[in-house]
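Subject: Structure handover

Hello,

Here is the structure you were expecting. My notes on its side-chain packing follow below.

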Amino acid sequence: MSAVTRRLTTAQALVRFLAAQYTERDGVRRRLIAGTWGIFGHGNVAGLGQALVEYATVPSGGASPAPPVMPYHQGRSEQAMVHAAVGHARQLNRLSAQAVTTSIGPGATNLVTGAALATVNRLPVLLLPGDYFASHAADPLLQQLEHPVEADVSVNDTLRPVSRYFDRVTRPEALVASALQAMRVLTDPAETGAVTLALPQDVQAEAYDWPREFFADRVWRVRRPAPDPEELAEAVRAIRAADRPLIVAGGGVHHSEAEDALKALVDATGIPVASTQAGKGALRHDHPADLGGIGHTGTAVSDDLARTADLVIGVGTRYTDFTTASGTLFQRPEVRFLNLNITAFDAHKLAARTLVCDARAGLTALAEALSGHRVDTSYETEYGAGKARWDETVRAAFRADDDGAVPTQTQVLGALDAVVGDEDVVINAAGSLPGDLHKLWRARSPRQYHLEYGYSCMGYEIPAALGVQQAAPGTPVWALVGDGTYLMNPTEIVTAVQENLPVKLVLVQNHGYASIGGLSESVGAERFGTAYRHRAADGTFTGAPLPLDLAANAASLGMDVLRAKTVRELREALRAARSSDRPTCVYVETDPTPTAPPAEAWWDVPVAEVSDREPATHARAEYERAVADRRRHL
C-alpha cells in the first residue's frame with residue numbers, strides 16, 4: 001500500500017480531494033471546485049457538514065491569511081443552489097464548477113430539476129446528496145424510501161437519468177475511483193453535465209487510511225481537439241460550393257471561447273451569423289454579419305435567410321425545436337447541414353456533414369482553409385438590408401414617446417439597454433421575456449446575454465445571478481423575472497443579502513403567466529389557469545387581480561427596492577440599481593399591450609384534434625396548416 005496520510009473520514013477526504021483539483025486550458029489554470037453550496041440535515045450534517053467546518057477556514061498562525069480550503073455558501077433551496085452553481089460554471093466557460101450538498105430525502109430529490117437543467121445545457125455541477133445507511137443498521141431510517149424488491153434503491157436514484165455520471169459510494173475506499181471519474185466527466189467538454197456522488201451518511205463519517213497521492217494537486221487539461229483532415233476538406237468543399245450559407249452559432253461558441261475565431265471567419269468570408277438563445281453574443285450586435293436570434297423567437301432577417309439557405313453551418317448548437325421552428329424553418333429543397341460540434345451526438349443531427357472538434361480549433365481551421373473565399377456581394381447586400389430593417393424594428397419596440405406612461409415590457413428592455421455597459425450580464429430563463437430578449441436584445445459582449453433556454457426553468461434567474469456574481473465580482477449582474485417566475489423561487493435573495501452580492505433584480509409584474517397565457521390562447525385553451533386573479537361569479541379566474549405586493553416581499557427578504565410606475569421613473573431606478581453596492585430590486589408594473597414583434601417562425605404545440613369549443617377547432621385548423629411544412633432532413 002502507498003504511504004498514507006493521517007486517518008480521515010470519507011467526507012474529510014472528499015473535501016480535501018476536491019480542494020486539490022484544477023482545470024487548465026490555453027495555459028490558464030483555475031480551481032475546478034471553487035466552493036460548496038449546502039443545506040444540512042441528518043443525511044450530511046455529521047459527515048460533509050463536519051468536514052466543511054474543518055476545511056472552510058485555515059488555522060491561524062501563518063505568515064499571511066491563506067484562502068479557505070473549501071469555501072462554503074449557505075443556500076435556502078436545494079434546487080436554487082444547483083442553479084447558482086450552474087450560473088457560476090457558465091460565466092467561467094465550464095472551466096470551474098461548484099459542488100452542492102444536501103441531506104437525504106427531500107433535500108436530495110429537490111436537486112433533480114437543477115441537475116436536469118445542468119445536463120441539458122451541458123454545464124458542470126457536482127452533486128453530493130446524503131443517502132441511506134450502507135450498513136442498513138438503521139433501516140428504514142427517517143425519510144428513506146423502501147422498495148419491496150430492490151433494497152439498494154433510494155430516492156437518489158431519481159438523479160440517475162439527469163446525471164452524466166452517478167455513483168453511490170458504499171465503502172470509503174470506493175471514493176477514490178468514483179471521485180476521479182467524477183472529475184473526468186466534469187472537465188470533459190463532450191461529456192459534462194451534472195455529476196452525482198450519493199454518499200450514505202454512515203460512510204461519510206467512517207474513517208480510512210487514505211493514499212497520499214489522492215490529495216496531491218491534480219490538473220485536468222480541457223481538450224481542444226482539432227478537426228479530422230478529411231472532415232475538414234469535405235466541409236471546405238461544401239462551403240465553397242454554397243451560394244447562401246448561414247452560420248447558426250450555439251452555446252458551444254462561448255464555452256470554447258471561440259468568439260474571435262468566429263469573427264475572423266466571418267470577416268474573411270462574409271457568411272452571416274444567426275444565433276440560438278445560448279449562442280447570442282457570439283458576435284456583437286453591431287457586427288455587419290450578426291443577424292440576431294434564429295427560429296421561433298428569431299429575427300425576421302435570420303428566419304428569412306434560414307428558409308432560403310442552401311448550407312446551414314451549425315457551430316456548437318443542439319438544434320432544439322425553437323431553433324429549427326420544429327422542423328419547418330430550413331425550407332430550401334436542396335438545403336444541407338454542416339455541424340461543427342465537440343460532441344458527436346450533436347454533430348450528427350439533421351444528417352449533417354460533421355466536424356467533431358473544439359469550436360475554436362474548428363473555426364480557425366476553416367478560416368485558414370477557406371482563404372480567398374467570400375460569398376457573393378449581392379448576398380451581403382441582401383442580408384445587410386434585412387439587418388437594417390430589423391434594427392429599426394428594435395428601436396421602435398424600445399422607444400417610449402411618453403416618459404410619463406406605464407412602460408410596456410419591450411420598453412422595460414429598452415430602458416435597461418440604455419443603462420447597461422458592455423460588461424454587464426443580463427440573466428433570464430422563462431416566461432415571455434426570453435422571446436422578447438432573443439428578438440430584441442443588443443448583445444455587446446460574449447457574456448452579457450445569459451439565457452437558460454435549454455430547460456427554460458422558472459426560478460433560475462435569481463440564484464444564477466448569485467453564481468455569476470461570485471464568478472465575476474465587480475460586474476453588474478441583472479436578473480430579469482416576471483411575477484410568476486419570482487413566486488416560484490425568490491428565497492436566494494436572502495443569500496444575496498447574507499453574502500453582500502450586489503445583484504440587480506428587475507421584477508416585472510403582469511399578474512400571471514403571460515407567456516403561457518398567450519400560448520394557451522393561440523392553441524385553443526383560452527388562457528385557462530394562467531392569470532393571477534380572484535375567482536369570478538362563474539368560478540373562473542377572471543376576477544380582480546390578486547393583491548400581491550411582490551416589491552414588499554423582496555424588501556422583507558432584505559433587498560433594497562425601487563418602485564417605478566412610469567418610463568421616467570424606471571430609467572432613474574435602473575441607473576440607481578446599477579450604481580448600488582447592495583442587492584437591489586427594481587419593481588415595475590407593465591402595460592400589457594403587446595409591443596414585441598410577432599413570431600417569425602412556427603413552434604409545434606399539438607392542438608386538440610376534436611373539441612366542442614370554437615377556439616380549439618380554429619386552432620386545430622391553423623395547426624394542420626403549419627405542420628404540413630415540417631421536413632425531416634435526411
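Phe214 is buried, and Phe215 is buried too. Buried means under 20% relative accessible area, exposed over 50%, and partly exposed in between (1.4 Å probe, protein chains only). Please note that this is a predicted model: local features need pLDDT of at least 70, side-chain atom pairs count only at pLDDT 80 or more, and totals for chains, interfaces and linings use all residues. Residues are numbered from 1 along each chain as its sequence is written, and side-chain values use heavy atoms, with hydrogens and water left out.

Aromatic rings

Rings of Phe, Tyr and Trp (its six-membered ring) pair if their centres lie within 6.5 Å; planes under 30 degrees apart count as stacked, over 60 as edge-to-face and the rest as tilted. That rule gives twelve aromatic pairs. Phe214 and Phe215 make an edge-to-face pair, at 5.3 Å centre to centre with 65 degrees between the planes. Phe17, Tyr208, Trp210, Phe214 and Phe215 form one aromatic cluster.

Trp602 and Tyr623 form a tilted pair: 5.7 Å centre to centre, 55 degrees between the planes. This pair links distant parts of the chain, 21 residues apart. Trp602 sits in the loop between β23 (584-589) and α24 (614-627), and Tyr623 in helix α24. Helices (H or I, at least four residues) and strands (E, at least two) are DSSP runs, numbered from the N terminus. Trp602 and Tyr623 are both buried.

Charges over rings

A charge sits over a ring if NZ of Lys or CZ of Arg is within 6 Å of the ring centre and within 35 degrees of the ring normal. Lys280 lies over the face of Tyr449, 5.6 Å from the ring centre. Arg563 lies over the face of Tyr587, at 5.7 Å.

Cores

A nonpolar core is a set of buried Ala, Val, Leu, Ile, Met, Phe, Trp, Tyr and Cys residues joined through side-chain atoms within 4.5 Å. The largest has 82 residues. Those with the most contacts inside it include Ile247, Leu366 and Trp478. Helix α15 (residues 377-398) supplies the largest share of this core, six residues. A second, separate core of 46 residues includes Trp37, Met81, Ala194 and Ile493.

Helix packing

The axes of helix α11 (residues 300-308) and α15 come within 8 Å and cross at roughly 145 degrees. Axes are lines fitted to C-alpha atoms, for helices over the stretch in contact, and angles run from 0 to 180 degrees between N-to-C directions.

Best wishes
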